[in-house]
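Work through the following exercises with the coordinates open, and try each task before reading its solution.

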Amino acid sequence: MAEAVATKTAWKLHEITAHSSNVSSLVLGKTSGRLLATGGDDCRVNIWSINKPNCIMSLTGHTSPIESLQVNTNENLIVAGSQSGSIRVWDLEAAKILRSLLGHKANICSLDFHPYGSIVASGSLDTNIKLWDMRKKNCVFRYKGHTEAVRCLRFSPDGKWLASAADDHTVKLWDLVAGKLVFEFTEHTGPVNVVEFHPNEYLLASRSSDRTVRFWDLEKFQVVSCIEEEATPVRCVLFNPDGCCLYSGFQDSLRVYGWEPERCFDVVLVNWGKVADLSVRNNQLIGVSFAQSTVSSFVVDLSRVIKSDSISHGLIRDDEPLVPPIPTGSSLRRIYDRPSTSCSKPQSRVKRNSESERRSPSSEDDRDEKESKAEIQNPEDYNEIFQPKNAICRTPPQNSEPFPAPPEDEPIAAKEAVKPTQAPDVQTLLPKQELPNPVQRPSIASSAALTRAEPLVIPAARNEPIGLKASDFLPAVKNQSQTELVDEEAISQIRKGHETMCVVLTSRRKNLDTVQAVWSSSDIKNSVDSAVAINDLSVVVDLLNIINQKPSLWKLDLCAIVLPQVEKLLQSKYESYVQTGCTSLKLILQRFLPLITDILAAPPSVGVDITREERLHKCKLCYRQLKNISSIIKTKSGLSGRHGSTFRELHLLMAVLE
């Protein structure tokens with residue numbers, strides 16, 4: 001494994017506040033590496049140019065948060081799918097909506113444009129894959145085969161295949177010309193959320209939550225190699241344009257992989273966090289990440305990155321044809337035959353939609369399109385990028401220059417803020433407004449602390465306590481020149497008033513020790529009974545987090561005990577409690593709901609069967625509790641963001657109760 005070395009190879013380029021609410025999806029234009037589209041919980045799609053502070057265009061029309069985005073090869077069309085199941089396509093050059101596509105019954109989880117034709121593929125939480133003809137405004141074909149949400153779709157470079165990845169742990173390969181399923185890859189042991197075709201060879205890469213990246217030979221339909229990930233999972237992958245390596249974006253680094261044999265060529269430290277998409281242009285890799293409403297862009301200089309077993313790398317010119325490399329230790333695979341025209345229309349062996357599903361333009365669709373509009377926020381940038389003077393040029397301009405690297409003596413985060421050369425240690429604990437001569441940050445990365453009320457839902461991951469300030473626990477500094485504080489004085493001040501918290505934590509530890517003792521001497525049911533009897537939800541959450549990791553521990557009698565606690569957790573104000581409750585409820589629904597409904601629907605037995613009567617009693621009890629919980633799930637399914645998506649998935653699983 002290559003050793004990570006901190007160099008000036010990577011730097012932070014820019015940071016913007018992309019939406020008034022949380023960012024839920026984003027995508028980079030792969031052709032130019034300069035076009036950025038972001039979707040948010042505010043139901044808008046905003047168009048940006050990398051390294052420019054102002055939004056070029058804002059697209060409206062969706063009535064629910066944006067779940068998925070995709071830009072076509074020419075970067076003049078963008079498609080957005082929402083949590084309500086609707087899809088809208090905009091023409092960026094004409095600055096207007098092109099199509100409204102309706103047909104899915106749940107969240108749009110994945111989208112992709114056909115590389116040559118006027119086809120859009122969509123995958124949904126309803127497990128369906130649909131192909132839409134933008135010229136006819138119809139869903140022309142539907143593929144069924146996945147049993148859970150379809151998380152990623154990719155057309156092959158020649159436009160003849162479609163790869164789909166889903167939460168059912170499978171990757172399926174569909175032949176668009178023959179109109180049938182070609183192969184199903186089932187080696188993954190967790191949900192698959194990323195697939196990517198090699199740009200030249202018959203090779204496919206897929207990434208799963210089982211922390212593996214697998215490479216598939218599409219001629220022999222077998223695994224070429226498997227790469228075990230590190231502690232942090234891969235968030236996105238991208239093949240180099242010449243196909244020599246695979247770039248994998250981790251939370252804190254970029255790793256460069258080869259596959260025959262599997263090895264890591266290089267590791268570049270990039271603290272980009274939740275990186276969502278990658279693009280290569282001018283021998284630079286551009287990565288974009290988001291956190292809440294903020295989107296950050298980063299650049300990696302690929303001329304300083306090892307991309308193969310040979311050390312030397314020349315600069316790749318965009319106007320030169322790419323020569324496919326010869327893989328080391330294997331025979332050359334078949335190369336994609338890229339057609340000059342759009343691909344053949346799939347034959348009738350694919351299941352066609354019924355007339356009711358083949359929606360024709362209606363007044364309702366027309367109204368949706370009238371309500372959708374493109375608001376040009378920055379006319380100068382819009383005219384420069386989408387309305388070039390030379391009519392032959394496509395959008396954005398292809399002759400973009402590389403991003404300049406920061407000077408060697410400039411810190412990587414210098415573009416974020418200018419820090420003072422000296423600062424007293426104690427003042428780093430004080431609020432920014434109490435610092436003498438505060439240094440103003442640029443407005444583009446402004447993150448000044450505002451006085452906020454305690455949120456209705458307390459997030460599970462946060463960097464500071466809710467409603468607390470460090471200055472409240474430190475002695476007041478009367479003289480600003482006093483820069484040192486005796487350790488004993490600071491510690492004694494911080495300890496004041498914490499006796500109550502120490503008592504609470506001591507009591508919680510005693511409760512956990514009690515539950516652990518029962519678990520060791522008895523069974524799981526008795527330990528859960530003891531946790532419930534303590535009447536402390538924090539203990540129940542700790543215990544459920546352990547049980548959820550091993551579904552085989554769940555039994556029907558355990559469900560009857562846990563479901564009332566799950567109902568309380570789902571209504572908690574703590575995000576971590578809600579997450580645990582949702583995980584436990586999903587396990588119960590997947591493993592026991594079919595059993596419960598079958599037993600309740602079965603005719604009464606003849607004679608006395610005590611075991612069956614006990615099982616029937618437990619099923620009735622669980623059914624009543626699930627009915628109570630279903631009303632909560634239905635109410636919360638209208639929420640936006642990640643939790644709203646989870647509640648909608650649970651609502652679909654509980655549909656049989658209605």
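**Exercise 1.** Decide whether cysteine 43 and cysteine 264 are buried or exposed in this predicted model, and state how many disulfides the structure holds.

Solution. The cut-off for a buried residue is a relative accessible area under 20%. Cysteine 43 has a relative accessibility of 16% and therefore counts as buried, and cysteine 264, with a relative accessible area of 13%, is buried as well. The structure holds zero disulfides.

**Exercise 2.** Work out the strand order of the open sheet that four strands form, and identify which strands stand at its edges.

Solution. The order is S1-S28-S27-S26, with antiparallel pairing. Strand S1 (10-17) and strand S26 (275-281) each have a single partner strand, so they stand at the edges and one side of each is left without a neighbour in the sheet. On average, neighbouring strands of this sheet are turned by 20° against each other, direction ignored. Between S26 and strand S27 (residues 284-291) there are six bridges in the antiparallel sense, and valine 280 has leucine 285 in S27 as its bridge partner.

**Exercise 3.** Determine which parts are tied together by the salt bridge between aspartate 277 and lysine 30, and classify the accessibility of both residues.

Solution. The side chains meet at 2.8 Å, N to O. Aspartate 277 lies in strand S26, whereas lysine 30 lies in the loop between strand S2 (23-28) and strand S3 (35-40), so the pair ties together parts that are 247 residues apart in sequence. Aspartate 277 counts as buried at 11% relative accessibility, while lysine 30, at 37%, counts as partly exposed.

Key: Residues numbered from 1 in each chain as written. Predicted model: local features only at pLDDT ≥ 70, side-chain atom pairs only at ≥ 80, totals over all residues. Heavy atoms only, no water. Disulfide = S-S within 2.5 Å. Buried < 20%, exposed > 50% of the residue type's maximum accessible area, 1.4 Å probe, protein only. Pairing = 2+ DSSP bridges. Helix = DSSP H or I, 4+ residues; strand = E, 2+ residues; numbered from the N terminus. Axes fitted to C-alpha atoms, helices over the stretch in contact; angles between N-to-C directions. Salt bridge = Lys/Arg side-chain N within 4 Å of Asp/Glu carboxyl O.
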